[in-house]
Amino acid sequence: MNLTGQLITLDRTLPLVRIGGEDRRAEYAASFSRDQIRVTVGDFLQLSQTDSDAAPQIVGVLPRTTLLARRICREHPSIGSGAFEEHLLAANFDRVFVVCALGRNSVDLDYIERQLVAAYEGGGQVTVVLNKTDLARQPVNELVEQVSALAEDLQVVACSAETGEGIEDLRALCPPGSMNVFFGRSGVGKSTLINALIGSEVLATGAIRERDHAGRHTTVARQMVFADDRSYFDTPGVRSIGNYLHEVGLEEVFTDVIELAGQCRFRDCKHEIEPGCAVRQAIEKETLTERRLQSYQALAAEVTGDDQLP
């Protein structure tokens, strides 16, 4: 018997798959090569079952509409520099919420840009969530303005699961039938936000560290939770994000820098002391920051695997 189901949990046991409204643990068929085809939460799977008492067997993955992944370029003795490690985080979602926590420290714009490159590469809609507004040490409207400027037409929502501020704004971005990913570092409050959206403590949350108001790492599984005809993906905290080959995401986030670079007198301009450099002129006019240029250069070198890229 051939079946189709959606993978809803990846943890330390067998994958949990929703098949016709029923959640069942599935096994990998002997013919399914996990080395060549990796699965992630949100994947729609082809399954086979010959015995009603046996676990369904995963035999294939249906084409994905969206995919959130991080890629790290690795030298390989037999493949060379073209090899990369790919960690799949979620598939077939409608929106990615890039979650950042406000607190004693200033907002890490470089890291948000890194997250945005991966999020835009995934193919869904993107929203930045500035969580824990109740702990912010800077005016929240100023922080929203700073983050909004990181990409063209970037949507930013400030909220607090503790006070309820902004939760209805988030829910409005998750219409019935939608699948939504929460993506960010450990302790930024992803699980707590999902619980607030659902209205119950479905996901475990960690205690807050007093010294910096950061939550502890609690999510170890990739999983989907469901409520009111909506689904939410909770992903483990990501300490580092690799963006190798994420050209689309890079162009989405740094449209301003790329357009300026195209106006430079020299095609190989390094944006240092060359005459006719439109990028340096923008920095002098304070329409572009040095931080923004350096962030772009670092990510562009990573995306192409070229450490010498200016």
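Which residue takes a positive phi in the hairpin of strand 13 and strand 14? Select aspartate 228: its phi is near 55°, and the hairpin has two residues between the strands.

Before going further, note that this is a predicted model, in which local features need pLDDT of at least 70, side-chain atom pairs count only at pLDDT 80 or more, and totals for chains, interfaces and linings use all residues. Residues are numbered from 1 along each chain as its sequence is written, and side-chain values use heavy atoms, with hydrogens and water left out.

**The hairpin and its strands**

Aspartate 229 is not a glycine, yet its phi is positive, about 60°. It counts as exposed, with 58% relative accessibility; exposed means over 50% relative accessible area, buried under 20%, and partly exposed in between (1.4 Å probe, protein chains only).

Now show strand 13 (residues 222–227) and strand 14 (residues 230–234). These two run antiparallel and are joined by five bridges; strands pair if DSSP finds at least two bridges between them. Phenylalanine 226 has serine 231 in strand 14 as its bridge partner. Threonine 9 stands opposite glutamine 223 in strand 13.

**The whole chain**

Zoom out and colour by secondary structure. The chain has eight helices and 14 strands; these are DSSP runs numbered from the N terminus, with helices being H or I of at least four residues and strands E of at least two. Of its 310 residues, 48% count as buried. Among contacts between residues at least 6 apart in sequence, 66% join residues at least 24 apart, where contact means heavy atoms within 4.5 Å.

**The nonpolar cores**

Select Val98, Leu116, Val128, Val147, Leu154 and Phe183. Of the 65 residues in the largest nonpolar core, these touch the most other members. Such a core is a set of buried Ala, Val, Leu, Ile, Met, Phe, Trp, Tyr and Cys residues joined through side-chain atoms within 4.5 Å. Helix 1 (residues 109–122) gives the most to this core, with eight residues.

Centre on leucine 154. Apart from neighbours within four places in sequence, it is in contact with Leu116, Tyr120, Val126, Val128, Val147 and Ser148. A second, separate core has 19 residues, including Cys159, Leu170, Leu193 and Ile198.

**Lysine 132**

Go to the loop between strand 10 (125–131) and helix 2 (140–148), where lysine 132 is found. Lysine 132 has a positive phi of about 65° although it is not a glycine. Is it buried or exposed? Lysine 132 is buried, with a relative accessible area of 10%.

**Helix 8**

Select helix 8 (residues 290–304) and compare its ends. Its 15 residues should span 21 Å at 1.5 Å a residue, and the end C-alpha atoms are 21 Å apart, which agrees; the expected span is 1.5 Å times one less than the number of residues. Among the buried residues of helix 8 are Arg292, Tyr296, Leu299 and Val303. The buried residues pack against helix 1, helix 5 (247–253), helix 6 (255–261) and helix 7 (278–284). Just after helix 8, glycine 305 takes a positive phi of about 75°.
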